[in-house]
Amino acid sequence: MNCHKCGKPVEEGTEICENCGSNIQRKGIRENVISGTVGALIGAVLGAGCIILLSQLGYIASVSGLVLSVCTLKGYELLGGKLSGKGILICVALMLLTPYIADRMDWAIFIMQEWADYGVTFGQAFTVVPELLADGSIEMFAYIKNLLMIYGFALLGAFSTLRSTVKK
């Protein structure tokens, strides 16, 4: 048997190629898209939780974009068996949607706390965010800047995770 990456001969049952370090056993693993999507969703939820938690604690939440992308991609790979082009597309879709929802949830929590005397629910606070952006109560520049920073860190995490996955 030969290594699928470098082509050098390897003994049957070998897990790692001694020449290039590639994982021999991963080559024959079939992808399970449904399980992978579940894993990516779990990773995206963990990343969203990190965004909200860090922001609520008063830290710069954009760094948690790294957590989001790594958890989403690795979640797909762990539960799906391997990460193919289809898996990457699913993960990218989640990584585009999740920061927006998480940031909006973070704002909703803030609004709910600020308007606690009025009995505002989370759902009401979540739906009023666009109106507050439109009337200037929430500064549009700061809102977009924060979102772009989260996306930037998510891109950085996705790039480094995909690069290390491809090297395997």
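A disulfide is taken here as a pair of cysteine sulfur atoms within 2.5 Å, and by that criterion the structure holds zero disulfides. The model is a predicted one, in which local features need pLDDT of at least 70 and side-chain atom pairs count only at pLDDT 80 or more, while totals for chains, interfaces and linings use all residues. Residues are numbered from 1 along each chain as its sequence is written, and side-chain values use heavy atoms, with hydrogens and water left out.

The cysteines can be taken in turn. The closest cysteine sulfur to that of Cys91 belongs to Cys71 and lies 11 Å away, which is too far for a bond. For Cys71 the closest cysteine sulfur is in Cys50, at 7.9 Å, and this too is too far for a bond. Cys91 counts as buried, with 0% relative accessibility, whereas Cys71 is partly exposed at a relative accessible area of 24%; buried means under 20% relative accessible area, exposed over 50%, and partly exposed in between, with a 1.4 Å probe and protein chains only.

The buried residues of helix 2 include Leu68, Thr72, Tyr76 and Glu77, and the helix is followed by Gly81, whose phi is positive, near 95°.

On the helix 2 side, Leu68, Ser69, Thr72, Leu73 and Tyr76 meet residues of helix 3, among them Gly87, Ile90, Cys91 and Leu94, contact meaning heavy atoms within 4.5 Å.

Two further residues extend the picture. Gly58 sits in the loop between helix 1 (33–56) and helix 2 and is exposed, with a relative accessible area of 63%; its C-alpha lies 27 Å from that of Gly75, 17 residues away in sequence. Ala134, in helix 4 (residues 122–134), is exposed at a relative accessible area of 70%, and its C-alpha is separated by 64 Å from that of Glu12, 122 residues apart along the chain.

Conventions. Helices (H or I, at least four residues) and strands (E, at least two) are DSSP runs, numbered from the N terminus.
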